[in-house]
Structures are given as structure tokens and as C-alpha cells.
Amino acid sequence: MASLSRRSSTGSYSIQFEDRDRIRQTITLGKIPKRAAQQTLIHVEKLAAAQITGTAPDADTSRWLSGASEKLIAKLAKVGLVQDRQNALLGAWIDFYDASRKADPKIKQSTINASAATFKSLKKYFGAGRPLRSIAKGEAKAWRVKVAEGRAENTVRKWTAAAKKLFNAAIEFGVVDANPFDGLQVTTLEVREREFFITQDAADKVLKACPTLEWRLIFALARYGGLRCPSEVLALRWGDILWDQQRFIVRSPKTEHHDGLGSRVVPLFPELTPLLSEGFDQAEPGAEFVITRTRDSATNLRTQMARIVELAGLQPWPKLFQNLRATRATELADSFPGHVAAAWLGHSVKVAKNYYWQVTDDHFEAAGQSAANALQKLPQGSVNKCSKGGENLAKSHSSALSAEASVGDTRLELVTSAV
């Protein structure tokens, strides 16, 4: 708890507080209006609390810091409440930022680890001793161009997003006034060419090739339950299965830091019931988790699953577990309203459209059958007219393409590809 005092002889205000090492610190404010001194006291208390907990100050204090004078910032920096604006260095700020995130229980270690490559690159490119305030927008853009060499666009966007968050935190702490990474692309793109739909026949072959019941459960929970693997699969407990209600609870470590998104209720799909029943019958007395032998979330399940897919006589598909989840998301969206399918998978309809729902061969086949059925219902004369009109349209379209394909003495070959 900070305290405000006023020296009667000079009218000068000062603030005292205990830092995280329980050392009494003093900030001299000088002769300022009482109201301004009281407002400063409120924000110093919040900064001291943030220092102790290793978290960022709230939005109100961040705005206050951004408008504070250089003289006041220097005083706050002297007692360790903020970084000195002029002397805040990139390497030191990255270390402080990482330490503050590690102290925040809502931020997972995997999230922190995901930024490590970005921060290493920033230190190498700009230098750990580079003052934060000296990094300009043009330099940030040049760094992005450099890291793009030999990397996928989505990787570059994720790295840029991590760099942007780093500087946004510096703004919140009053270390810098602007973010040089603002305006650079950070939203990941859809990568449709890596989509793969795992058919029922292929899934059956993989299940038969699984060496143990646990591996059958891992595969089935991803393919038919749509669970994220390994996080949600490993988090599933026998107590989460509501046998009498034909439902089960999925606990999501990925989304648990969002209010109301730590878990979801999913139907006990008929493809899962026999396997889960068999697993429950074979479980050791008092067993808590459904998957017991592969509990470490750092275990590389993908490598073993790829071997199983090969044993099934299939070629391992890209994004092995994500495409299992995407396949189930697509199937559910075909049978239920979009918001229902998305809720069962634990994401929004927007995310489902952009990253999960796929267009399959069955969709084309169903569309073709619908068109054929519609033609059969038309009177015979109408069908003939439609056919003749279609032929004329096809001929007209072909002529137009031929004309466009000839330019001077150069002829372009028209290539068609099967869907």
C-alpha cells in the first residue's frame, strides 16, 4: 500500500511504497496540485502491484503512463516501477517481458516458448543493446522481409504478431510511445492446399492397424470426437463421460484462460461408445484418465501415428491430427446447424469456415445427383431443349476460349484439370 505525504515547509508531495523486495522506496513529486498527487498515488499503487505480480498494468494506468512526462517516468524507473524510456534496451525488455508472462498463471509455458524464436531473431537483427525507442517502422519492415527468407508466410505472420505484442506491452508500461510493427500483416492465411479429408474407409483401416486400445482411442477421439490432440485427448477423464446422458465433457487447455471456454459438452457419438466402453472395462481400478500410458503432453504422438497410418497401407496426410479434427468438423457441419457443429468442436463458426470446414468429393457427388434428379422431373421436351441449349452454350464457350487462346502467331494450350 502506497502513502502520500506533503512537506509543510515547501508544499512538496512525495509517495512511499514497498517494492517486491519489501524495500521502502520514495518518489518525490515536487510542488504539484493535490489532485494530481493523489492521481499519481493511485497509479503508483497499481504499478507496484504489477511489479510484485509480474504482470502488465491495467489499461487506465497504461494510458496515464503514455502521457506522463519524461521527468516523472525517470523517477518511476529509478525505483523499478517502469523501464527508463531513454535507456530501455531491446534485450533487457525481452527478458522483463518473458519474466512477466511466466508470472502470469493465465499464460501457458507453450505460449511463451512459441515466441522464443521471434525474440532470438529480434536480438540478432537489431542487437540486444539497441534502445527500444530507436527502432523505426522502416526497420521493423526490413526485419520482416529478412525473416521471410525461406519461411512460410503464416510463420512470418506469427513472428510479426509476437514482435507486435512485445512492443504493445512496452507501450502499456510507458517505455515507448508507438509500435514500429503496427500495420504489418499478422493475421494468418487459410492454407487450403494442406487440407485432407479422412474417409470412413481410411479411418477403419487405421483403427485396425492400431497396436493397442489406447492408440485406437487416441485416433478415434480425434477423428470422431473432434478433440484437439494431444491437449484435449490427454485431458479426458473417465469422470467426464456421462454415460447415462450420452454425452462427455471435453476440457480444453488451449481455451481455458477465456471465460466460459475451459470446457464444452459433446455428444457421445456412436463411433466412440464401443471403444470407450471397452477402455472403461479394461481400465485399472481408480484410473482417472482415459489415456494413461502416454501422459506427457510433450510426447510426439504424431511420429507414432504416422507409422500406424503407414501400417494401414496409407500415406500419412499433412497436419495429421488437425485434419482428423477438420474432417469431423466438416461431417458435423453437413448434418447439424453451423453454430451447433462449431460449439461441439470448441471454436467459432468463423474459425470453422476459415480453417476446418472442407469441400469434399461427396459434396460434388451430391450436387451432381441433385442436378440429375432435377432433370428427370422435367417434361421430356424440356429436357431436350435444356440439353440442346447446353450444347449450344458449350460450343459458344469453346469458340470464345479458342479465340482468346490465339494471340498473333502464339497459340496457348488450354489445360483442364480434374476436380
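Let me start with a definition: I call a pair a salt bridge when a side-chain nitrogen of Lys or Arg lies within 4 Å of a carboxyl oxygen of Asp or Glu. The background is that side chains of opposite charge can pair when their charged atoms come close. With that definition, the structure holds 20 salt bridges.

Before I go through some of them, please keep in mind that this is a predicted model, in which local features need pLDDT of at least 70 and side-chain atom pairs count only at pLDDT 80 or more, while totals for chains, interfaces and linings use all residues. Residues are numbered from 1 along each chain as its sequence is written, and side-chain values use heavy atoms, with hydrogens and water left out.

Consider Asp95, which forms a salt bridge with Lys123, with the closest N and O atoms 3.5 Å apart. This pair links distant parts of the chain, since Asp95 sits in helix H4 (residues 90-102) and Lys123 in helix H6 (residues 116-126), 28 residues apart. Helices here are DSSP runs of H or I with at least four residues, strands are runs of E with at least two, and both are numbered from the N terminus. For burial, I use buried for under 20% relative accessible area, exposed for over 50% and partly exposed in between, with a 1.4 Å probe and protein chains only. Asp95 is partly exposed, because its relative accessible area is 46%, and Lys123 is likewise partly exposed, at 29%.

Now compare Arg264, whose salt bridge with Glu232 has its closest N and O atoms 2.9 Å apart. Arg264 belongs to strand S6 (residues 263-267) and Glu232 to helix H11 (residues 231-235), so this pair ties together parts that are 32 residues apart in sequence. Arg264 is buried, with a relative accessible area of 10%, and Glu232 counts as buried because its relative accessibility is 1%.

The next pair is local: Glu331 and Arg328 meet in a salt bridge at 2.8 Å, N to O, and both lie in helix H14 (residues 320-335), 3 residues apart, or about one turn of the helix. Glu331 is partly exposed at 21%, whereas Arg328 counts as buried at 6%. Salt bridges that share partners join Arg223, Glu271, Arg328 and Glu331 into one network.

Thr330 counts as buried, because its relative accessibility is 2%.

Of the contacts with a separation of 6 or more, 58% are between residues 24 or more positions apart.

I will finish with helix H17 (residues 361-376). One of its residues is Asp362, which counts as exposed because its relative accessibility is 51%.

Methods. Contact = heavy atoms within 4.5 Å.
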